[in-house]
Number of protein chains: 2
Amino acid sequence: MPISFTITARDPGSEARAGTMTTEHGSFPTPAFMPVGTAATVKGVWPEHLKEMGYGCVLSNTYHLYLRPGHERIRKLGGLHRFMGWDRSILTDSGGYQVFSLASLRKVEDEAVTFRSHIDGALHVLSPELAVEAQEAMGSDIRMVLDECVEYPAGRREIEEAVRRTTAWARRSLVASRRAEGGLFGIVQGGMFPDLRKRSAEELRSLDFPGYAIGGVSVGEGTGLQREMVALTAPLLPLEKPRYLMGVGTPADIASAVSCGVDLFDCVLPTRNARNGMLFTTAGTVSIKQARYAEDPSPADENCGCPTCRSFSRAYLRHLYLRKEILSSMLLTAHNLHFYGRWMERIREAIRVGNFGDFMKESLGSRVD
Amino acid sequence: MPISFTITARDPGSEARAGTMTTEHGSFPTPAFMPVGTAATVKGVWPEHLKEMGYGCVLSNTYHLYLRPGHERIRKLGGLHRFMGWDRSILTDSGGYQVFSLASLRKVEDEAVTFRSHIDGALHVLSPELAVEAQEAMGSDIRMVLDECVEYPAGRREIEEAVRRTTAWARRSLVASRRAEGGLFGIVQGGMFPDLRKRSAEELRSLDFPGYAIGGVSVGEGTGLQREMVALTAPLLPLEKPRYLMGVGTPADIASAVSCGVDLFDCVLPTRNARNGMLFTTAGTVSIKQARYAEDPSPADENCGCPTCRSFSRAYLRHLYLRKEILSSMLLTAHNLHFYGRWMERIREAIRVGNFGDFMKESLGSRVD
């Protein structure tokens with residue numbers, strides 16, 4: 001079954017839209033945030049709990065799963081959904097981003113990327129075809145083409161080359177895909193060069209993907225430039241197709257991108273920061289290790305109804321964090337994912353009732369990071 | 001409210017009995033296993049989940065909580081139940097065992113134990129009175145007197161001295177306790193010397209505690225000697241009062257002690273071993289890291305209905321364990337605690353219906369470790 005995407009509401013004052021994304025594994029409302037489950041697990045959370053929080057799609061990283069336990073092994077075990085005990089949608093990336101950020105000795109050629117595993121130094125060759133094959137083997141619902149993601153800053157020539165290669169790889173990915181009409185997304189590159197962003201988007205549009213991602217942001221360029229690039233890139237993509245901003249971001253980053261017409265998001269912030277003792281709350285972020293919370297009987301967030309805030313004090317959360325208790329990561333991750341879930345819910349509701357502009361003013365004017 | 005204990009069924013063929021333990025925080029059936037929550041958390045488990053598994057009482061360690069975050073801080077925060085989000089019963093130990101096993105430079109005198117914290121080397125003095133005070137500050141339901149637990153092997157003179165001191169401390173603990181009629185348990189010592197066990201038990205019985213623990217086992221003496229000491233000590237304790245075997249043990253150890261008339265158990269085995277990749281199953285223990293499970297689609301235990309076994313394969317559990325994922329500890333701990341919970345349920349049921357002897361033959365004859 002191919003994926004489908006329907007827009008159900010548009011904000012009159014911005015490009016924001018609400019919609020429904022449907023895959024073989026169910027539907028979920030957009031704009032949607034997808035928790036990151038790098039190694040086929042959203043760290044510290046039972047899949048059942050993710051469902052209770054309302055999440056309809058998680059992201060998993062092809063690079064990590066390709067190396068361990070291997071996509072063929074996951075295929076043998078019935079696919080990624082069964083493997084990780086998650087029966088809703090899964091988006092996988094292509095592995096490219098991790099090759100560019102984690103692996104060593106990488107050599108990018110038109111044919112493929114050659115790299116050494118960050119684990120054991122073994123040599124691997126990742127081609128656009130292999131990236132498709134690995135994702136199909138795992139059976140994810142939404143898949144990404146292999147792209148060349150360049151760090152910031154980078155010169156025009158380098159970005160131009162990455163755009164050219166990304167388009168060529170996107171074309172090969174479609175050919176390699178047994179289900180081209182399905183969930184394969186193209187990824188727009190172009191660095192911080194508006195005309196190259198435009199070129200990349202146009203070339204990919206001509207290939208007619210069922211969805212498009214905005215790549216090459218959140219690579220060190222800073223918030224201002226990032227938002228500028230998103231605002232510039234989103235309108236270059238087909239109006240009726242889902243738009244996915246990769247690796248972004250804070251609640252405010254997300255709201256800002258929604259106003260540009262972005263539908264899908266993933267980011268390690270709520271989960272990774274939880275493990276580092278940082279909580280997102282309606283009154284701003286909280287670093288739970290601080291001594292001021294040592295005897296604080298109040299919950300992480302007075303306005304939150306999550307299981308963590310219903311039962312546990314900041315004092316207890318601090319105690320667990322300082323003791324490096326497993327439950328610390330569990331409780332903080334649950335809270336942050338609940339926070340992100342409610343944030344997306346509020347965004348969708350605001351679009352549906354037509355006051356997204358007010359939402360932006362109220363929530364961003366005040367505090368959200 | 002004092003604790004109460006009622007025996008509801010006796011096994012005709014052994015000393016085993018089933019009963020009900022009641023504290024301010026509810027009732028639970030015995031024989032009961034109490035998961036260990038060292039630092040006010042059973043590692044890797046939400047308290048709600050422990051309740052779903054049927055646990056009515058957890059153990060927490062006074063030594064650790066006394067050092068961090070401090071019993072006075074826990075009192076200020078509304079007591080240990082509120083602190084850790086657990087509204088059922090809590091048993092705390094006296095801190096003595098950890099002083100003897102973890103702390104350095106300890107000096108045992110009649111007045112108190114002087115020791116250096118294993119964390120920062122700070123000097124502390126733990127008296128029987130302070131052990132009572134700390135536990136009362138935390139508000140646990142069942143509390144232990146400070147005792148002198150001697151490692152195996154030890155000479156008769158050393159054990160004799162420990163018995164004498166333990167009785168003296170028990171007497172002072174009762175005086176210090178504001179609720180002597182409540183949940184304070186005496187602890188029988190006596191090493192591996194039957195006559196000293198007898199002396200210790202008699203001296204403590206004369207102090208009329210509401211419950212008695214068998215201490216000084218599981219200190220390196222081995223299974224045979226341990227079971228011998230339990231079989232010898234349990235009948236020395238008042239028939240109508242709860243008996244608690246500290247720090248024991250494997251499912252077979254527990255069943256064996258139940259047949260001697262023991263009612264309460266705690267042990268780190270199901271939780272600690274889970275974190276080390278070891279699963280208890282109806283077909284014996286499983287070391288999940290083994291290569292043979294790499295593509296094994298079956299659950300940890302075919303005969304188990306726990307959330308881990310309902311949703312996840314051995315292959316996935318192995319993957320998580322090798323990746324050191326938080327979810328590995330969570331899933332394996334949940335399974336092992338479920339296993340221990342069902343084990344105790346089967347024991348209680350066998351006593352109730354009068355076939356505990358058959359249960360012992362069937363289950364121990366076959367495999368349980």
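In helix H13 of chain B, residues B:Leu317, B:Leu320 and B:Tyr321 meet B:Leu327, B:Ser328, B:Leu331 and B:Leu332 of helix H14 of chain B, where contact requires C-beta atoms, placed from the backbone, to lie within 7 Å. By class, this contact has six nonpolar residues, one polar residue and no charged residues; Ala, Val, Leu, Ile, Met, Phe, Trp, Tyr, Cys and Pro count as nonpolar, Asp, Glu, Lys and Arg as charged, and the others, Gly among them, as polar. The model is predicted, with local features needing pLDDT of at least 70 and side-chain atom pairs counting only at pLDDT 80 or more, whereas totals for chains, interfaces and linings use all residues. Residues are numbered from 1 along each chain as its sequence is written, and chains are lettered from A and ligands numbered from 1 in the order in which they are written.

The axes of H13(B) (residues 314–322) and H14(B) (residues 326–353) come within 7 Å and cross at roughly 130 degrees. Axes are lines fitted to C-alpha atoms, for helices over the stretch in contact, and angles run from 0 to 180 degrees between N-to-C directions. H13(B) and H14(B) are therefore oblique to each other, a class left after under 35 degrees (roughly parallel), over 145 (roughly antiparallel) and 65 to 115 (roughly perpendicular). Helices (H or I, at least four residues) and strands (E, at least two) are DSSP runs, numbered from the N terminus.

Between the chains, 30 residues of chain A are in contact with 30 residues of chain B. On the chain A side, the elements giving two or more residues are helices H3 (71–76), H4 (80–84), H13 (314–322) and H14 (326–353). The residues of this side comprise 15 nonpolar, eight polar and seven charged.

Within chain A, strands in the order E7-E8-E9 form an open, antiparallel sheet, pairing being assigned if DSSP finds at least two bridges between two strands. E7 (104–108) and E9 (123–126) of chain A each have a single partner strand, so one side of each is left without a neighbour in the sheet. Strand E8 (residues 113–116) of chain A is joined to E9(A) by four bridges, and A:Thr114 stands opposite A:Val125 in E9(A).

A:Val188 lies in strand E11 (residues 184–188) of chain A. A:Val188 counts as buried because it has 32 C-beta neighbours inside 10 Å, the limits being 20 or more for buried and 12 or fewer for exposed, with partly exposed in between. Not counting residues up to four places away in sequence, the contacts of A:Val188 include A:Leu204, A:Tyr212, A:Ile214 and A:Thr233.

How values were computed:
Contact = placed C-beta atoms within 7 Å.
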